[in-house]
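Biologist: I'm new to this one. Could you walk me through it?

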Amino acid sequence: MAVSQETVEQVASVAEKYKYGFVSDIESDMAPLGLSEDIVRFISAKKEEPEWMLEWRLKAYRYWLTMVEPTWAKVDYPKIDFQDIYYYSAPITKDKPKSLDEVDPELLEVYKKLGIPLREQEVLAGVEGAYNIAVDAVFDSVSVATTFRERLEKEGVIFCPISEAIRNHPELVKKYLGSVVPYTDNFYSALNCAVFTDGSFCYIPKGVRCPMELSTYFRINAAQTGQFERTLIIADDDSYVSYLEGCTAPMRDENQLHAAVVELVILDNAEVKYSTVQNWYPGDENGVGGIYNFVTKRAACRGVNAKVSWTQVETGSAITWKYPSCILQGDNSVGEFYSIAITNNLQQADTGTKMIHLGKNTSSTIISKGISAGRAQSTYRGLVRMGKKAENARNHTVCDSLLIGDKCGAHTVPYIENQSRTAKIEHEATTSKISEEQLFYCQQRGLSDEESMALIVNGFCKEVLQKLPMEFAVEAQKLVGISLEGSVG
Amino acid sequence: MLEIKDLRATVGGKEILKGLNLTINSGEVHAVMGPNGAGKSTLSYVLSGRAGYEVTGGTVTYKGKNLLDMTPDVRACEGVFLAFQYPVEIPGVASATFLKTAFNAQRKFRGEEELDALQFLKLVREKTTELGIKDDMLKRAVNVGFSGGEKKRNEVLQMALFEPDLMLLDETDSGLDIDALKVAADGVNRLRSPERSALIITHYQRLLDYVVPDFVHVLADGKIVKSGDKSLALELEEKGYAEISAA
Amino acid sequence: MKNRTPLAQNYLDRFETAVSTLPGHESRSVQALRRQGIDTFAALDFPHKRIEEWRYTNLSALTKATANEDVPFSDLDAIQTASLDTTYEMVFVNGRFSNEESRLSGLPTGITLGGIAASLGSGAAFSLSSEEDRALIALNTAFMEDGFSLHVDDGVQLDSILKITFRNEGGTADGRHIRNVISLGQGSMITLLEEHTGSGVYFSNPVTNISLSDGAMLNHYKLQNESHNAFHLSLTDCENAKNSVYQNFTFSLGGKISRNEIKTSILGENSESHLNGAYLMRGKQHCDTTTLTEHKVSKNISSQVYKGVLDDDAHGVFQGKIHIFPDAQQVAGDQLSKALLLSDSAGVDCKPELEIHADDVKCSHGATSGELDEDALFYLQSRGISESSARKLLIEAFLADVLESISDTPVKEYFNSIAANWLSEA
């Protein structure tokens, strides 16, 4: 028995429960509409950037003009008018706040509503339940607050908005920005290089284990704006950091563009754990509105024994186009990719990873769980490449898709390239529908349809959920349930 | 038969055997006992010539020849048989094919006539009957889907078939129930003769109740630290390795 | 428009002469068909690496050459094989049917087998694949010369194996554009063995269209043992009506660059499509296996199992896609691709793909690649088997299960002996 179509549609019509869909009335400083060299100069000037940064942006912009939008992903959307987007929007503040107390209370209220802990005091005062976590809050185009900076500075950890890092740590930014994702990399990364407005910068010095989790919270608020953030994390020799990223946006009828670039540089014996819960507004049940999420994320394991772990829970966005990748250059380096992608209604996700093995004894693991419901389309697209010098490299990939309802699609497109005799690659993938027996069993024991569904899907995703830091895991589990609301009868 | 002098070996750059001395004469059964990590399995792999076990010093003379110069298959043809602690599964290769290929390779090496399929099958049947092993095993792929006990029986069957001069038993008793243990012991005892020797590598003295050794050695930190007769095994069982090694 | 490849230009230049001399030149409809083909080809040129389906196979060694002498030469010869004797054999030499060498007398009634050249000549038109985006089919349509046309009447079953041999000798500039058409009537059954062999430099481009009626069954074997200096780019399209079974096993050993592309469309319920194969490559050989299985209706099963052994500088490619259309429920599709790399400079690219638009399905794919199992190798050696014998034994074991899946014993034994020959030449 397939889930009855009638019920699927009936339940799908129940209003979407996107609880982050509110709009905040915050006065903004906006750039003129559209994109040109002048806009690039405008952004650079707003950010008080040095000349070299502007030059780099202009090179990227000129290169971008020569490029065409990629069409290979299995996503379908009307052509984006890049001249109909605001590339800069910042909440108006009198002076830059020196501490959290000076941040616009209106803004703090937004983050409170989103459940983002911008409350250093509580943690410092030992309030129960307050997370020990440092947050950089990015609102539209700018970073509005970064918590725990002093505490981190004591350890030598630099955690600040990237706009500030460009001014204060030019030697680090010059050395590493664009070194993992050059502006020539792809259409959206070129665009990002030209117009990125803010994002987080993080440097973990040699031998330091970052004392708390670092996190960036992205919020798109203003209408018709694109968000182009840039994140750069450098883990120096023998260091460790766990980094979390969250995103939400208001419910709006038009589509908004988000084209971020994240670069991770990992040196000898260092480790970076990067976790994302992506919950941009997905659009309504008829596919109206929602964020276009075109993101380039890449980690370069440059040192020996370097390790990177990407964990992502992708539940939001109308369209997701995202392949967090690992370049395993250092001998014995390790790359991991754990992903849950849930698409419902008319969402489309084309996501996966690239594992490029260059060094000896490098190893990688990919676990991807895709869930499609409603009329959504979900694609896993991944590349595993063993270079000639990747002696004894190993990859293991497991890629499972779950279908809920008969109007959705689930696709798997792995590219597996082996040039190394001693390398071993194992790839397995399955696609199946949600088990009627399991659903019935849960229901018979008293769970509602949706509770049963959430339970089973959480079970299907368990291997990935376990990889998330505790606080995130709880949130992600709830999100799995919410995202699938209206997908079952 | 076998003379090991000041043997040193590394695995992955780490020195495991640190100057091991051991002499086994024809007809003798020796047991090497030791705690985990003492280098027991390394000794068996070095003697059988496994890649990755690098000899960095010392000599091993077998029947007057330099054993370390020989490739693993030549050692086997010369009569060195290793009963594996974890016999390897080889999907797609039928046991019968495997046994016959190996058997004839050894005969050819000795300049003897190879057996045809029929003659060989007859011989195998004799051995399986003798040892009480079901011969449906021959149709299955080598060790694939075998239980732990079946894998060890398969090792014993091969030993019976190849009639080696030097038997190396690497933790043959691990994971065996009492019946399987008896089959294994029986296999070794049947082959015991003044011309054959055996080296039993084990953690426990259980197997030694059934295959009584002439000599017992204690291996600790890559060296033989104590030697004695079979009573040493019982002493070890009673007092533990720490005390004996320290003494 | 961008520059044409020299070989494509060469074909365009030769077309007008060809259209007035090739079989069927007196027929307006055949001429029109060829013109349609050359127009499509002119727009597409040869496939290149920017086309997703061709990302792993580079044809520039072929397309850059206007004359065959330009193609770099390999010293390796095709594997010598003891041939399999069959009651019936149809032989094509250099792309043309050879009546003298064929043994077709006594074919049971209900089986019609003939050359395409003859039917083109008599003006009998047949429907051809109308796909616009496959350049090699278009080229074949423009230049097709001969090939076999096989029709089996309803209910007719042939118990023995029908062998079709394509023997090519290099030296001439023309490609061998073979066009084969197979149609099986309701409940009919036949076993076919295609053999492609040759020597020297040439370009073979066979296109085969198969249609299986209700309850028909085709066992289709193919031995690709072309010259190591040849290009073999073949396309097989099969359509399954309900209750029909298509089994294809392709054994590839030859060719400098070879591609075996199979597309099956399942159009009726309770049908099965099984595509299996093995490839053994050495020297600088490149072998591409590309399959597409389309499940357009419910209640079907499909499977693909391919195993490859790559030595020296050889390169293997496997691209396999299972496509389940909307509402094609209760479908099971399984796929497995395994490659063994024997040398440091061998390589393999693999793209197993699932596109699924229905929910009540069970699909899986697996892909592995790597070297021989070191533990197994040591175990065999420790029993007295020399390293080279042990390697051979393990490679045979690697190939065993896919060769074992061949249901016709004579073919199975034939292919096994060829594999043994290949291994002994290592």
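Modeller: Happy to; here is a short talk about how parts of it meet.

This is a predicted model, in which local features need pLDDT of at least 70, side-chain atom pairs count only at pLDDT 80 or more, and totals for chains, interfaces and linings use all residues. Residues are numbered from 1 along each chain as its sequence is written, while chains are lettered from A and ligands numbered from 1 in the order in which they are written.

Biologist: Which helix gives the largest share of the side of chain B that touches chain C?

Modeller: In this contact (C-beta atoms, placed from the backbone, within 7 Å), 20 residues of chain B meet 18 residues of chain C. On the chain B side, α2, β7 and α3 each supply at least two residues; helices (H or I, at least four residues) and strands (E, at least two) are DSSP runs, numbered from the N terminus. The largest share, 5 residues, comes from α3(B).

Biologist: How are α11(A) and α13(A) oriented to each other?

Modeller: These helices, residues 449-460 and 470-483 of chain A, have axes 9 Å apart and an angle of about 130 degrees. Axes are lines fitted to C-alpha atoms, for helices over the stretch in contact, and angles run from 0 to 180 degrees between N-to-C directions. Under 35 degrees counts as roughly parallel, over 145 as roughly antiparallel, 65 to 115 as roughly perpendicular and the rest as oblique. Therefore α11(A) and α13(A) are oblique.

Biologist: In β20(C), which residue is the bridge partner of A:Ser432?

Modeller: Strand β24 of chain A and β20(C) run antiparallel, joined by 8 bridges; strands pair if DSSP finds at least two bridges between them. The partner of A:Ser432 there is C:Lys362.

How values were computed:
Two residues are in contact if their C-beta atoms, placed from the backbone, lie within 7 Å.
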